[in-house]
Amino acid sequence: MMAQNRKQWHLFFQNMDRKLQPFQYLTSGDLKTVALVLMLVEHFFKIFTAPIVAYFDVIAVQDFAVTTLYHLTAIAFALFAFLLTEGFVHTHDRKKYRRDMLLFALLSEIPLDLVFIGSGWNIQMDIPLLGIMQGGATIGGFVYLGYQNIFFTLFLGLWTMELLEKVQQKQSGWKRWLFYAVVVGVIGFLASLARFDYGFEGILLIALLYVWRGNRLYQCMVVPLLMIALQGEQPNVYTLLYVVLLLFYNGKRYHGQKKHSRPNLKYVAYAIYPVHLLIFAILRF
């Protein structure tokens, strides 16, 4: 009976997904643009506006700012995680994909520490509204070990999907889900232990988006379900933004472009992360 109900729900979601296809106009480039804009807005506020708000100690404004920023960055990460799964499925060179993630993780770490943690040489001052307490261990006085950038999480996310794919090929039924849980648990633990951005929750999100890659509506449900299960929060307008963007995604990279007819802009998107942090760090000091 349970298996039959599950099958009916699966068919229902597949049917809904097919009905939405005529209205799906957003490309992966569009989703990436939205995610980058959300990230830039959030970082700009944290770096330049949050200290001013905290200085005047307006509690209501602080609470609103913290809530808004938290959800903006969460939706941005959810979109990046979704695009990571799309890239993993469609890339022709997974080894190069992992190498790129690791390279930009290393390139981004010092800019992140410079702008969020301190001057790069004197890590003593707490940053209001960030939830980042400074004064932790450093390497060479300027690499902060208490918080690592998002590219490290995405790098581990690629390894997670690689292992989940092997499990999917070799296991079935309840054993498959058991091994899924082991893979996500171990890698998620490592991500949290190393203080990678989003830690276990980030790895779990990537894993679920990958496992449910064949059903868009299932993927839309991931973020609301995780908010309820892990944080005890009800889905909100920010979650709705994520759901709407995914529902209207058409699976293409760009608008009206044939294969290889448009230059690959992925490295531009990757570079925006360390470059904007470096610029913000210079402006801040």
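# Salt bridges, a bent helix and a nonpolar patch

Glu 165 is buried, because its relative accessible area is 18% and buried means under 20%, with exposed meaning over 50% and partly exposed anything in between (1.4 Å probe, protein chains only). The structure is a predicted model, in which local features need pLDDT of at least 70 and side-chain atom pairs count only at pLDDT 80 or more, while totals for chains, interfaces and linings use all residues. Residues are numbered from 1 along each chain as its sequence is written, and side-chain values use heavy atoms, with hydrogens and water left out.

The protein chain as a whole contains 10 helices and 2 strands, where helices (H or I, at least four residues) and strands (E, at least two) are DSSP runs numbered from the N terminus. Read from the N terminus, the order of these elements is α-α-α-α-β-β-α-α-α-α-α-α. The chain has 285 residues, of which 44% count as buried. Taking a contact to mean heavy atoms within 4.5 Å, 72% of the contacts in the protein chain with a separation of 6 or more are between residues 24 or more positions apart. The accessible surface of the chain comes to about 15,600 Å², with 67% of it belonging to carbon and sulfur atoms; such areas come from the Shrake-Rupley method with a 1.4 Å probe, and for residues only the protein chains shown count as cover.

Side chains of opposite charge can pair when their charged atoms come close, and a salt bridge is counted here when a side-chain nitrogen of Lys or Arg lies within 4 Å of a carboxyl oxygen of Asp or Glu. By that criterion, a search of the whole structure finds 5 salt bridges. In one of them Arg 94 pairs with Glu 165, and the closest N and O atoms are 2.6 Å apart. With a relative accessibility of 13%, Glu 162 counts as buried, whereas Arg 94, at 23%, counts as partly exposed. Together with Arg 98, the residues Arg 94, Glu 162 and Glu 165 are linked in a network of salt bridges.

Helix α4 also has a charged link to helix α10. The side chains of Lys 266 and Asp 100 meet in a salt bridge of 4.0 Å, N to O, and this pair joins Lys 266 in helix α10 to Asp 100 in helix α4, 166 residues apart. Asp 100 counts as buried because its relative accessibility is 7%.

Helix α10 itself covers residues 266-284, and at 1.5 Å a residue its 19 residues should span 27 Å, which agrees with the 28 Å between its end C-alpha atoms; the expected span is 1.5 Å times one less than the number of residues. A kink of about 35 degrees lies at Ile 272 in α10, shortly before the proline Pro 274, the bend at a residue being the angle between axes fitted to the seven residues ending there and the seven starting there. The buried residues of α10 include Tyr 270, Tyr 273, Pro 274, Leu 277 and Phe 280. His 276 of this helix counts as buried at 6% relative accessibility, and it touches Met 39, Leu 40 and His 43, when residues up to four places away in sequence are not counted.

A contrasting setting is found on the surface. Trp 174, Leu 178, Phe 179, Val 182, Val 186, Phe 189, Leu 190 and Leu 193 form a nonpolar patch there, with about 850 Å² of accessible area together. Patches are made of residues with over 30% relative accessible area and no salt bridge, like charges being joined within 9 Å and nonpolar side chains (Val, Leu, Ile, Met, Phe, Trp, Tyr) within 5 Å. Leu 190 and Phe 200 are 10 residues apart in sequence and 8.0 Å apart in space, C-alpha to C-alpha.

The loop between α6 and α7 (199-211) contains Arg 195, and Tyr 198 lies in that loop too. Most residues other than glycine have a negative phi. Arg 195, however, has a positive phi of about 60 degrees, and Tyr 198 has a positive phi of about 75 degrees. Arg 195 counts as partly exposed at 47% relative accessibility, and Tyr 198 is partly exposed with a relative accessible area of 24%.
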